[in-house]
Amino acid sequence: MTETAHSNRPPFGREARAEFQLDPDVVHLNHGSYGAVPKRVADAQRAMLKQIEADPSQFMAMESRPRLREIAGQIGSYIGADADGIALVENATNAVNVVLRSLSFSDGDEIVVTNQTYGAVLNTVTHICSLTGAIRKDIELPYPAHNPDDVVAAYRDAIGEKTRLVVVDHITSPTALLLPIEPIIRLAHEAGALVLVDGAHAPGMIPLNVAALAPDFYTGNCHKWLCAPRGCAFLWCAEPHRANMHPLVISHGFGGGFEAEFDWVGTRDASAQFALSEAFAFRERYGDAETMAHNHQLVLKAAAMLAERWGTEVGAPAEMTGSMATIRLPLSGPADTQAALAIRARLHAEHKIQVPVNALAGAFWVRISAQIYNEMADYERLAEAGEMLAP
Ligand SMILES: Cc1ncc(COP(=O)(O)O)c(C=O)c1O
């Protein structure tokens with residue numbers, strides 16, 4: 001039976017899964033990578049497109065920008081930031097590119113990243129370094145992780161007078177670590193460096209108060225844990241930086257200020273962003289805090305069960321866990337990316353389980369997600385499949 005967090009709310013688990021478009025024959029344990037869009041949110045996006053098509057000129061010329069500002073307002077209230085500093089972008093990769101391309105770097109300036117920074121972000125930093133003479137400085141984050149203090153210590157050692165920018169994940173991608181960004185932001189600012197928080201996974205997974213965290217830049221995806229359609233993300237910039245930020249595509253708003261520049265980047269389909277209101281309404285039905293609590297508790301329970309069944313370990317303590325977790329698979333042998341991809345493909349083809357597998361710290365690890373449509377039976381299937389993988 002599924003659990004109900006509140007008697008007036010719809011139940012989590014199997015009933016919630018019926019609200020999504022997910023293939024019922026597949027066990028979906030990878031909400032983290034690309035999200036999943038509820039039927040009513042997809043319907044709202046289609047309805048929006050229909051409305052636009054009824055009078056495209058009216059919508060594009062007159063209505064699009066005020067509506068984008070409304071959406072920015074909704075995001076601002078949700079993440080605790082002023083809407084004036086919010087640019088709607090297609091994804092976190094876009095936002096990271098905006099910041100890195102808009103800042104100026106000089107020869108020898110250091111940009112701090114980690115061995116767990118998202119690959120596309122690392123590529124962007126590498127590219128900017130090759131253009132400007134800045135230096136990419138990689139920190140080794142401890143994994144498996146045991147406590148947040150080790151992470152802060154790693155940043156303390158790396159940040160120095162040459163540091164110009166620290167790119168820090170709020171939640172890491174391959175290892176699902178919830179990082180202690182507050183002290184890291186403070187350390188960077190004390191050293192005179194700027195901070196870009198890559199919060200691709202954060203909105204909808206953990207409570208956010210961006211103003212209180214006070215980074216220079218914060219990006220988050222709404223198409224992951226908030227269940228908006230793909231192509232819905234934001235970049236928030238602190239006030240002093242807004243005048244110098246430019247979208248990747250320069251269009252009519254150039255020179256007109258932050259909002260004008262980002263709200264019009266050429267004719268495009270922003271229906272995913274307009275559908276965010278419906279994604280918020282969907283979430284409200286289940287409860288924001290209730291959803292986060294359910295997902296967090298479920299992932300902890302599932303991770304502990306898997307580690308026990310497999311006789312292995314979980315990659316992070318509860319305090320560094322949101323609604324994703326990593327668990328070591330009961331496999332020996334050389335762990336590399338090719339082999340990890342092959343295991344992932346087998347889990348999908350032979351067991352109908354969708355879950356990422358990564359080669360980390362010399363072993364294979366699965367990264368599980370817990371969303372409102374998951375239940376323990378999903379992870380039991382993974383436990384059995386993992387046991388069958390062993391030679
Ligand atoms: C930490 C992190 N940063 C950035 C991204 C990129 O997100 P997107 O593909 O939506 O740009 C991801 C995607 O999973 C991620 O996990």
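User: What makes His201 count as buried?
Analyst: His201 has a relative accessible area of 5%. Buried means under 20%, exposed over 50%, and partly exposed in between (1.4 Å probe, protein chains only), so at 5% His201 is buried. Bear in mind that this is a predicted model, where local features need pLDDT of at least 70 and side-chain atom pairs count only at pLDDT 80 or more, while totals for chains, interfaces and linings use all residues. Residues are numbered from 1 along each chain as its sequence is written, and side-chain values use heavy atoms, with hydrogens and water left out.

User: Where is His201, and which residues is it in contact with?
Analyst: His201 is in the loop between β6 and α9 (210–213); helices (H or I, at least four residues) and strands (E, at least two) are DSSP runs, numbered from the N terminus. Leaving aside neighbours within four places in sequence, its contacts (heavy atoms within 4.5 Å) are Gly32, Ile171, Ser173, Lys224, Trp225, Met324 and Arg367.

User: Why is the pair His201 and Trp225 called a polar contact?
Analyst: Their side chains come to 3.4 Å. A polar contact is a pair of N or O atoms within 3.5 Å; within protein, one must be able to donate a hydrogen and the other to accept it, and residues adjacent in sequence count only if both atoms are side-chain atoms.

User: How far are N or O atoms in the side chains of Thr93, His223 and Ser173 from ligand oxygens?
Analyst: For Thr93 the distance is 2.5 Å, for His223 it is 2.9 Å, and for Ser173 it is 3.5 Å. The ligand taken alone exposes 390 Å², and the protein buries 89% of that; accessible areas come from the Shrake-Rupley method with a 1.4 Å probe, and for residues, only the protein chains shown count as cover.

User: Why is strand β6 described as largely enclosed?
Analyst: Because 6 of the 6 residues of β6 (residues 194–199) are buried, the rest of the structure largely encloses the strand.

User: What makes β5 and β6 a pair?
Analyst: Strand β5 (residues 163–169) and β6 run parallel and share 5 bridges. Two strands pair if DSSP finds at least two bridges between them, so 5 is enough. Within this pair, Asp169 stands opposite Asp198. The chain gets from β5 to β6 through helix α8 (residues 181–190), and this β-α-β crossover is right-handed. The label applies if, with the strands pointing away from the viewer, the path from the first strand over the helix to the second runs clockwise.

User: How do you know that β6 also pairs with β7?
Analyst: It's the bridge rule again: β6 and β7 (residues 217–221) are joined by 4 bridges in the parallel sense. Leu196 stands opposite Phe217 there.

User: In what sense do β9 and β12 pair?
Analyst: They are antiparallel, with 5 bridges, and Ile327 stands opposite Val366 in β12. Strand β9 (residues 324–328) is mostly covered, with 4 of its 5 residues buried.

User: Why does Arg283 count as buried?
Analyst: Its relative accessibility is 7%, so it falls in the buried class. Arg283 lies in helix α13 (residues 276–286), and its contacts beyond four places in sequence include Tyr78, Trp225 and Asp288.
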